[in-house]
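Here is a short briefing to read alongside the model. Have the sequence and the 3D view open as you go.

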Amino acid sequence: MRIKLLLVLFVFLLLAAMPVFAQGTSSGVGAGELKFVVRRSAWRLRRDFCGLGQGKAVASAAEAVARNPAAGSSIQTLLVLGLAFIESLALFTLVIIFAK
């Protein structure tokens, strides 16, 4: 199974590198294009991981309230605080991406 996974990874890397070999000698990646790619990658990572974190927080809070309904108000307070921290991380990433 591991050999098959390595083979698939090797083929994928070869296919991903093909456009590099097709470039002419005078063309290259400019600094603006590289910054755009890095910004888009950071934006996607931020979006994905913040969404995963928020989903995990909400799922855990729902499970906690289901186990102990009497503690629902304190769990909800902590949930909202945690979601605010996660969202602030997303907004800080957004500011850093567009500030540079």
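Which side chains meet in a salt bridge at 3.4 Å, N to O? They are those of Arg-47 and Asp-48, where a salt bridge is a side-chain nitrogen of Lys or Arg within 4 Å of a carboxyl oxygen of Asp or Glu. Please keep in mind that this is a predicted model, in which local features need pLDDT of at least 70 and side-chain atom pairs count only at pLDDT 80 or more, while totals for chains, interfaces and linings use all residues. Residues are numbered from 1 along each chain as its sequence is written, and side-chain values use heavy atoms, with hydrogens and water left out.

**Overall fold**
- The chain has three helices and zero strands, in the order α-α-α along the sequence; helices (H or I, at least four residues) and strands (E, at least two) are DSSP runs, numbered from the N terminus.
- Of the 100 residues in the chain, 8% are buried, with buried meaning under 20% relative accessible area, exposed over 50%, and partly exposed in between (1.4 Å probe, protein chains only).

- Phe-10 belongs to helix α1, which covers residues 2–21.
- Together with Leu-7, Val-11, Leu-14 and Leu-15, Phe-10 forms a nonpolar surface patch of about 490 Å² accessible area.
- Such patches are made of residues with over 30% relative accessible area and no salt bridge, where like charges are joined within 9 Å and nonpolar side chains (Val, Leu, Ile, Met, Phe, Trp, Tyr) within 5 Å.

**Salt bridges**
- The whole structure holds two salt bridges.
- In the pair described above, Arg-47 is partly exposed at 43% relative accessibility, and Asp-48 is partly exposed at 40%.
- The other joins Arg-67 to Glu-63, with the closest N and O atoms 3.0 Å apart.
- Arg-67 and Glu-63 are four residues apart in helix α2, so about one helical turn separates them.
- Arg-67 counts as exposed at 69% relative accessibility, whereas Glu-63 is partly exposed at 43%.

- Arg-46 sits in helix α2 (residues 31–67).
- Arg-46 is buried yet has no salt bridge, and Glu-87, the nearest side chain of opposite charge, is 5.2 Å away; Lys and Arg count as positive and Asp and Glu as negative, while His and the chain ends are not counted.
- Leaving aside neighbours within four places in sequence, Arg-46 contacts Ala-90 and Thr-93 (heavy atoms within 4.5 Å).
- Ala-90 and Thr-93 are among the buried residues of α3, along with Gly-72, Ile-75 and Ile-97.

Definitions and conventions:
Areas by Shrake-Rupley, 256 points an atom, 1.4 Å probe, with all protein chains shown as cover.
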